Structures are given as C-alpha cells and as structure tokens.
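Hello,

Here is the structure I promised to pass on. My notes follow below it.

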Amino acid sequence: MINDKKVLYSGMQATGNLTLGNYLGALKNWVSLNEEYECFFGVMDLHSITIRQEPASFRKRARNLLALYIAAGLDPVKNCIYFQSHVSAHAELNWILGCFTYMGELNRMTQFKDKAAKHSDNINAGLYTYPVLMAADILLYQSDYVPVGRDQQQHLEITRDIAQRFNAIYGDVFTIPEGYYGKRGAKVMSLQDPSKKMSKSDENPNGSIYLMDDADTVVRKCKRAVTDSGSEIRYSEDKPGVSNLLEIYSACTGKSIEEAEKEFDGKGYGEFKPAVAEAVNAILEPMHKEFERILQDKGYLDSIIKENDEKARYFANKTLRKVRKKVGFTDIPR
C-alpha cells in the first residue's frame, strides 16, 4: 500500500501494433484507475524477447508504446509508466522466484503450449519460465490488484501460489495479489473472424484495427468486416459479426447496445458500417495527434522515462532488498 492507496499493476508487451481491442478492452479503462489506486503500468520489453525481435524496430516500438500510453490518456505524473528492462530487480527476482516454482506448475501453463505451437522453431526456456517473470513483475511492487482476462487467470494463480509458498517459509514478504474485475472493457473480436479476439498478431491485417491506422484504413476495414445473414442490426449470439460491430460502436460512442440498436433500426449495413468507422476515427484521430506531439518532443519523453524509471526502481528495490535478506544473500557494502 502506497499513500493509503492499494497498488494496481499491469502492462503490455512491446511487440506488434496495439489494436482497438487492446485500447477498448484495457487501456481505456486504465486511465481513471489512478484516482483509486497507486498504478504501475509497464512496457513489458523483457517478456517481448521470448520471440526474436529486430533490435532497431523493437527499440522504436517500445518507446512508441510508452508514448501511446500517454497519448491514450495515462497521466505519467499520476501513474508510474516505465520500461520493465530499465528495472534490473525484475530479472533478479525472476531468478529467485524460479527457485521457488515447481516444474509441474509450469508444465500446466496452457499459454506456453499455445505459444510453443505458434513458434515451434524457437521453444526457448524464457517462453517456458515466462510465468515466473510475470510473478516477479507483480510481486516487486507489492501489488494488491492485477487486471486479468480469462487468458491471464492461470498466471495470476501461479503468482499467488509462488508468493504464498515464499511467505510460508520467510514470513510476510509479498502482498498476495487479487484479480481486478472492475468496469468491463469491450470484448472486441476479429473483423474477419468474430469467433476470435482481435489480435495484434492476426495474420489477416483486415481482422484488426490498429491504433495507428489512418482514417481511410479504418473505413476500409469496417466496410470489409464480416456480417451475418439478414440485414437486421441487433446484438445476438446468432449474429456475431454484427454484434461485434455494435460492441465497438457502443464502446467508442458511450451509447448502450440498446441505444445503438434503436439508432440503426430499419437501416442496413451500408449505413451502419460507415457509422462504426466514424465512431472509431473520432477516438483515434485525437490520439494520433497527441502521439505525434509527444514523439516530436524528445526532451519531454526522455524526462518522463527517467522520472518514471526512477520511481519504479525505488519501489522495486525496496521489495528486492527484503527478499535478498530473507533468503540469506550477503549484504552489499555501502
């Protein structure tokens, strides 16, 4: 707990391009959390290298992601927005916690199996021990809450197991984190296959709207979006394509699904799809302008990185010093 506020921790990997789904499902809802919580949001670049990265473009994407956090509304003074790789305590605690994690626990992680299937030419140890690093991320900041989706539930469970095991041996060292299930973000599915989540790794570029897509691209992708038999615009399990577009329209405009259905009652896809594109562009265009402004002001962005990295190191190292002492490492002379 910091300043009488509970701590909330989350982050995104610096791989690929963030999608509208990333924004509406998570990032948009992060913006107001600092009013109630002390928030740490990482650019998770250590996690990113389980997949081979081209160094120059990777470095640029990571910096762009931090700028995009700010452009999307995260205040870098009220939130700690930092680079995971700039805080060496993540890597050190990762090793220590790895010695308190059982092979059987890692073998049960379904995300490793999924990623190994997708990257069969690079099934590395980092991909396997990824959950331990994620546990280190969360536990370093004595996090009370972690926003989790269904695909992250296993990671939170193993984090809790590791923390409880360590605490049982050494006393109350780590806060046991809980899942944060606040305001539900929009569940945005692929525009081409509404049975799958919109993903930044989608092989079909028309399936995802990326946050940096220009207005014409957004219009084109919305026009090509898969719909369903019949022309009625309503939210229903038997109309997944239309339901997905309604979800997007609702999230971008602030209107309820019911209000959106009434608005397009009796209208066809020829009016509905352009309206969805317009609503998306109304969100993205101001974000684009702010993103470009931030990137062009190198001094400002560098100062934000420096200040937030220092804040993250301060809190992470407080926990790490306690852990080092508990496990019996020799004190570092000062």
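Gly-104 is found in helix α5 (residues 103–107); helices here are DSSP runs of H or I with at least four residues, strands are E runs of at least two, and both are numbered from the N terminus. At 31% relative accessibility, Gly-104 counts as partly exposed. The cut-offs are under 20% relative accessible area for buried, over 50% for exposed, and partly exposed in between, with a 1.4 Å probe and protein chains only.

A word on the basis. This is a predicted model, with local features needing pLDDT of at least 70 and side-chain atom pairs counting only at pLDDT 80 or more, while totals for chains, interfaces and linings use all residues. Residues are numbered from 1 along each chain as its sequence is written, and side-chain values use heavy atoms, leaving out hydrogens and water.

Now the cores. The largest nonpolar core holds 63 residues. Such a core is a set of buried Ala, Val, Leu, Ile, Met, Phe, Trp, Tyr and Cys residues joined through side-chain atoms within 4.5 Å. Leu-27, Leu-66, Tyr-69, Phe-272, Val-280, Leu-284 and Met-287 touch the most other members. Helix α12 (residues 269–296) supplies the largest share, twelve residues. Apart from this core lies another, of 40 residues, including Leu-93, Leu-106, Val-132 and Ile-162.

Leu-66 lies in helix α3 (residues 55–71) and is buried, at 0% relative accessibility. Beyond four places in sequence, Leu-66 is in contact (heavy atoms within 4.5 Å) with Val-43, Ile-81, Tyr-82, Phe-83, Leu-301, Ile-304 and Ile-305. Its C-alpha atom is 9.0 Å from that of Ala-14, 52 residues away along the chain.

How do α12 and α13 cross? The axes of α12 and helix α13 (residues 298–327) come within 5 Å and cross at roughly 85°. Axes are lines fitted to C-alpha atoms, for helices over the stretch in contact, with angles from 0 to 180 degrees between N-to-C directions. That makes α12 roughly perpendicular to α13, a label for 65 to 115 degrees; under 35 is roughly parallel, over 145 roughly antiparallel and the rest oblique. Ile-294, Leu-295 and Gln-296 in α12 meet Lys-298, Tyr-300 and Leu-301 in α13.

On to the strands. β1 (residues 6–13) and β2 pair in the parallel sense over eight bridges; pairing requires at least two DSSP bridges. Ser-10 has Phe-41 as its bridge partner in β2. Strand β2 (residues 37–44) is mostly covered, with eight of its eight residues buried. Tyr-37, Cys-39, Phe-41 and Val-43 point one way, and Glu-38, Phe-40, Gly-42 and Met-44 the other.

Last, two loop residues. Asn-79 sits between α3 and β3 (80–83) and is buried, at 0% relative accessibility. Its contacts outside four places in sequence are Asn-34, Cys-39, Phe-41, Leu-74 and Asn-308. Gln-142 lies in the loop between α7 (125–140) and β4 (145–147). Its phi is near 50°, a positive value in a residue other than glycine. Most residues other than glycine have a negative phi. At 14% relative accessibility, Gln-142 counts as buried.

Best wishes
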